[in-house]
Amino acid sequence: MAAVTTTLADAVRADIGASLAASDAELARRYPGDPGTRQPVHTVYVPADAFTARTVREWGDRALAALDAHAPDAATFGAVLGLSDDVGGDLAAEVYERVRAKLRREPVEDLRIDFEDGYGPRPDAEEDAAAVAAARTVTAAVADGSAPPYLGIRTQCMEAAVRDRGIRTLDLFLTGLLDGGGLPAGLVLTLPKVTFPAQVAAMVRLCEEFERAAGLPAGRIGFEIQIETTQAILGPDGTATVPRLIDAAAGRATGLHYGAFDYSAACGISAAHQSLDHPAADYAKAVMQAAAAGTGVRLSDGSTNVLPVGPADRVHAAWQLHYGLVRRSLARAYYQGWDMHPAHLPTRYAATYAFYREGLDSAAARLAAYVAKTGGDVLDEPATARALSGDLLRGLDCGALDTPEVTTRTGLTRPRLEELAGR
């Protein structure tokens with residue numbers, strides 16, 4: 001190898017490395033990247049007093065009944081949602097059959113037992129009993145395999161009027177899980193109506209104290225932060241609050257969930273115009289997205305309050321609205337949202353499946369070309385290859401795609417996709 005000459009002394013590089021060592025460590029701490037686990041496509045919220053061992057199956061059965069009543073075949077469903085077959089094959093039939101199979105196999109991916117807005121104020125003894133019962137039901141569902149992959153509770157927030165009640169409910173629920181054999185792998189806790197980083201820090205303290213008292217590993221318990229107040233987006237000093245909330249979580253924040261209606265109301269938006277696609281919602285979610293990027297904290301959009309109930313024309317209109325909102329969220333990299341009614345499940349999965357199936361051929365071809373270094377009509381960089389792999393993995397996780405069709409198109413195994421995605 002031919003000798004080369006340089007001008008800078010080795011000491012210069014060493015000094016620069018030493019000067020940036022603290023920044024390197026801070027970058028690694030604050031921005032660890034994606035956690036490399038499955039992200040559910042939705043969260044279903046069920047009031048604590050309505051949660052039973054049959055809840056998940058009942059949601060699936062009611063969703064299937066809605067399809068039977070209002071879209072009994074693929075052609076009807078495709079016509080209602082405007083499913084296009086431009087990508088080849090029969091997209092409407094493919095999506096419809098996958099949706100029905102999903103509703104039979106795994107209708108709910110993430111379930112939150114709600115002790116907050118959906119539950120309402122109750123006598124303490126009644127809420128105590130409900131918290132204990134929820135823990136027992138979750139334990140039994142995990143044991144018999146009927147539990148969704150992710151589940152947990154939403155307690156009251158950290159505001160003074162309801163703080164003690166929320167802490168007690170959380171304690172009862174977690175203690176009940178421990179008494180039943182331990183915390184499930186897919187446990188998720190939700191902290192609502194956050195306004196200040198100190199409230200997140202208080203939740204961290206609760207998790208630390210519970211872990212210590214119960215003999216659990218440090219960091220075992222994480223939680224989602226609901227972004228449903230204006231103060232959670234913009235602080236009193238005019239700076240963005242979301243990064244401070246993530247920092248205050250000390251590595252325990254698993255997600256940021258946008259609360260559409262509380263946030264809209266806080267902005268003074270009239271009820272008729274409160275929606276996931278309102279400009280105020282887009283602003284809040286853009287701030288959330290920028291703050292969470294690279295941190296490993298995932299994003300979730302909110303819900304629509306237009307329910308697919310009543311005569312067929314009203315159900316179809318509600319389905320069209322929900323389908324469009326879910327597709328809009330997916331295009332904006334919000335891969336999760338809330339579903340408030342069983343009849344929302346068909347369009348949640350239809351929108352998600354159509355999104356990934358429509359993008360399959362292009363994503364697979366671009367990724368195969370990137371790996372083979374053969375070029376193609378699009379020149380992709382490593383960051384884009386990461387995104388393409390992530391898209392395919394999300395499609396596989398939720399059932400939109402099958403492993404053989406992805407492997408055939410890309411020539412890549414799942415472990416290789418995960419490596420490219422940085423999981």
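**Figure 1. Tyr 370 in helix α13.** Let us start with Tyr 370, which is found in helix α13, spanning residues 345–372. Helices here are DSSP runs of H or I with at least four residues, strands are DSSP runs of E with at least two, and both are numbered from the N terminus. This is a predicted model, in which local features need pLDDT of at least 70 and side-chain atom pairs count only at pLDDT 80 or more, while totals for chains, interfaces and linings use all residues. Residues are numbered from 1 along each chain as its sequence is written, and side-chain values use heavy atoms, with hydrogens and water left out. Tyr 370 is buried, with a relative accessible area of 18%. Buried means under 20% relative accessible area, exposed means over 50%, and partly exposed lies in between, using a 1.4 Å probe and protein chains only. Glu 381 sits 11 residues from Tyr 370 in sequence, and their C-alpha atoms are 8.0 Å apart in space.

**Figure 2. The whole chain, for orientation.** Before going further in, here is the overall setting. The protein chain has 16 helices and 8 strands. Its radius of gyration is 23 Å, close to the 22 Å that the globule rule gives for 423 residues, so the chain is as compact as a globular protein of that length. That radius is taken over C-alpha atoms, and the rule is 2.2 Å times the number of residues to the power 0.38. The C-alpha trace spans about 80 × 55 × 45 Å along its principal axes. Of the 423 residues, 48% are buried. Contact means heavy atoms within 4.5 Å; among contacts between residues at least 6 apart in sequence, 77% join residues at least 24 apart.

Figure 3. With 5 of its 5 residues (223–227) buried, β5 is largely enclosed by the rest of the structure. Two strands pair if DSSP finds at least two bridges between them. Strand β4 (residues 187–191) pairs with β5 in the parallel sense over 2 bridges, and Thr 190 stands opposite Glu 224. β5 and β6 also pair in the parallel sense, over 5 bridges, with Phe 223 opposite Ala 253 in β6. In β6, 5 of the 6 residues are buried, so this strand is largely enclosed by the rest of the structure.

**Figure 4. Strand β4 beside β3.** Moving along, β4 has 5 of its 5 residues buried, so it is largely enclosed by the rest of the structure. Leu 187, Leu 189 and Leu 191 point one way from β4, while Val 188 and Thr 190 point the other way, and all are buried. Strand β3 (residues 150–154) and β4 pair in the parallel sense over 4 bridges. Look for Ile 153, whose bridge partner in β4 is Leu 189.

**Figure 5. Gly 152 and its surroundings.** Gly 152 belongs to strand β3. At 1% relative accessibility, Gly 152 counts as buried. Not counting residues up to four places away in sequence, Gly 152 touches Leu 111, Arg 112, Ile 113, Phe 173, Leu 187 and Val 188. One of these, Ile 113, is 39 residues from Gly 152 along the chain, and their C-alpha atoms are separated by 6.1 Å.

Figure 6. Most residues other than glycine have a negative phi. Lys 193, in the loop between β4 and α8 (197–214), has a phi near 45°. Ala 250, in the loop between α9 (242–248) and β6 (253–258), has a phi near 55°. Are these residues buried or exposed? Lys 193 is buried, with a relative accessible area of 15%, whereas Ala 250 counts as exposed at 56% relative accessibility.

**Figure 7. His 70 in helix α3.** Our last stop is His 70, found in helix α3 (residues 55–70). At 16% relative accessibility, His 70 counts as buried. What is His 70 in contact with, leaving aside its neighbours within four places in sequence? The contacts are Thr 76, Gly 310, Pro 311, Ala 312, Val 315, His 316 and Trp 319.
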